[in-house]
Amino acid sequence: MSSFVKRRGAVTIKGTRASLHSGQAILSSGNPSLDHIFGGGFPIGSIIAIEEDKYANYSRVLTKYFLAEGLVNSHSSFVASLEEDPVQLMNKLPTPVEDTEPDKTPKTQTPEEMRIAFRYNNLSVVDLEQKSSTQIGHFFDLSKQIEESELARHDITYWDGSQPPSKPTNAFTNPNFQSLLDAIHLKSTQPQFDPSNAEVKEKNLLRICLNSIGSPLWYDRNFPADLLKFVTILKSIVRNTLSCCLITLPTHLFHHLEDNRLYDRLVDQLDFCIALESFAGSDKETNPIFKEYHGLLGLVKISALNTLAGFVPETRDLAFKLRRRKFAIEKLHLPPELGDDKDERGQKLVQTMSCSGGGVKSKLDF
């Protein structure tokens with residue numbers, strides 16, 4: 001009997017490709033710079049968590065990227081939120097753009113920038129302007145919203161908490177958790193097909209977006225246990241279906257809870273997790289060191305799914321800035337310390353070419 005087994009072809013879904021690091025199918029988050037940080041994209045069947053910034057302004061932008069990328073690839077979408085109307089969230093999605101050429105306008109350097117060593121100006125950034133052959137994501141213009149007529153052509157399911165659970169259960173104290181799980185399970189177990197190509201019934205991907213799970217609207221007397229149980233069951237649903245879930249969590253509010261280990265136990269159930277720290281309202285907003293950025297992006301967790309060698313990012317020192325048209329993630333470049341140009345008496349030192357020039361004596365004079 002022959003020991004050779006014919007290899008079956010992998011399932012090909014629009015908007016996905018095989019990872020160069022693990023070989024498994026990955027999809028784009030909608031932001032190419034975020035995909036680059038995690039090795040090109042996120043695996044199908046994973047849960048991606050975003051720790052919201054204080055006012056949830058920047059986490060909402062990444063949520064829009066995730067949903068807009070799904071519409072471009074005709075993926076099915078499931079949007080859930082108690083904080084805001086999920087329909088209004090979809091109506092504010094950005095439009096895709098084809099022009100990915102970088103801005104070629106020459107930049108005039110200020111005298112302060114010219115003092116910095118030239119090697120700092122040649123450091124590469126994470127933000128990708130050129131579309132490479134291995135990139136699966138698209139570029140979007142945040143200044144232009146998608147038309148409502150475009151949303152009508154896609155398969156989108158909404159959940160706003162008004163739907164009661166399908167059957168009574170004692171698993172959760174808060175019925176919203178059970179109602180949301182029932183809706184996700186029903187949607188994910190249904191056959192997902194591309195609505196733009198009704199003649200060919202090919203398998204399609206489901207993008208699940210859960211906005212601000214764990215906000216005060218979810219609180220009750222058993223909130224920590226309900227949240228952990230919800231994420232555990234959600235993980236099993238996503239793992240066994242052609243789905244990918246993006247969940248935003250207001251973890252900065254968890255320190256008010258009695259369960260001090262809720263955050264650590266919650267991160268253990270997630271596959272990927274990033275934290276957004278906004279400079280708004282903090283001392284860093286006026287700090288000249290961070291004047292080029294709007295906040296810091298922290299890599300909390302990177303899992304190795306279906307592989308022995310997980311992806312290791314180039315750097316964990318990352319910052320972001322929100323421009324008018326896009327959300328850019330870059331390596332954090334702090335300006336070099338140029339030293340003090342004054343002597344002990346506070347007088348400004350005079351730079352001379354000789355060893356003992358006139359004027360105030362320099363530390364280099366002898």
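Start with the whole protein chain and look at contacts, meaning heavy atoms within 4.5 Å. Among those between residues at least 6 apart in sequence, 73% join residues at least 24 apart. Keep in mind that this is a predicted model: local features need pLDDT of at least 70, side-chain atom pairs count only at pLDDT 80 or more, and totals for chains, interfaces and linings use all residues. Numbering starts from 1 along each chain as its sequence is written, and side-chain values use heavy atoms, with hydrogens and water left out.

Now switch to cartoon. You'll find eight helices and 14 strands in the protein chain; these are DSSP runs (helices H or I, at least four residues; strands E, at least two), numbered from the N terminus. With a surface on, the protein chain exposes about 20,900 Å², and carbon and sulfur atoms supply 52% of that (Shrake-Rupley method, 1.4 Å probe; for residues, only the protein chains shown count as cover). Of its 366 residues, 45% count as buried, where buried means under 20% relative accessible area, exposed over 50% and partly exposed in between (1.4 Å probe, protein chains only).

Next, select residues 57-72. That's helix 2, with 16 residues and a reach of 23 Å from first C-alpha to last, close to the 22 Å expected at 1.5 Å a residue; the expected span is 1.5 Å times one less than the number of residues. Is helix 2 mostly covered or mostly open? Mostly covered: 13 of its 16 residues are buried. Step just past helix 2 and click Ser74, which takes a positive phi of about 60°.

Then jump to residues 94-97, strand 6, and pick out Thr95. Thr95 counts as buried because its relative accessible area is 17%. Which residues does Thr95 contact, leaving aside neighbours within four places in sequence? Show Phe139, Phe140, Asp141, Lys144, Gln145 and Ile146.

From that set, center on Lys144, in strand 7 (residues 139-145). Not counting residues up to four places away in sequence, Lys144 touches Leu93, Pro94 and Thr95.

Last stop: color by pLDDT, the predictor's confidence in each residue from 0 to 100. The protein chain averages 82, and 76% of the residues score at least 70. Select residues 100-108, where pLDDT stays under 50 and the model has nine contacts beyond four places in sequence. Residues 127-131 also stay under 50, with 22 such contacts.
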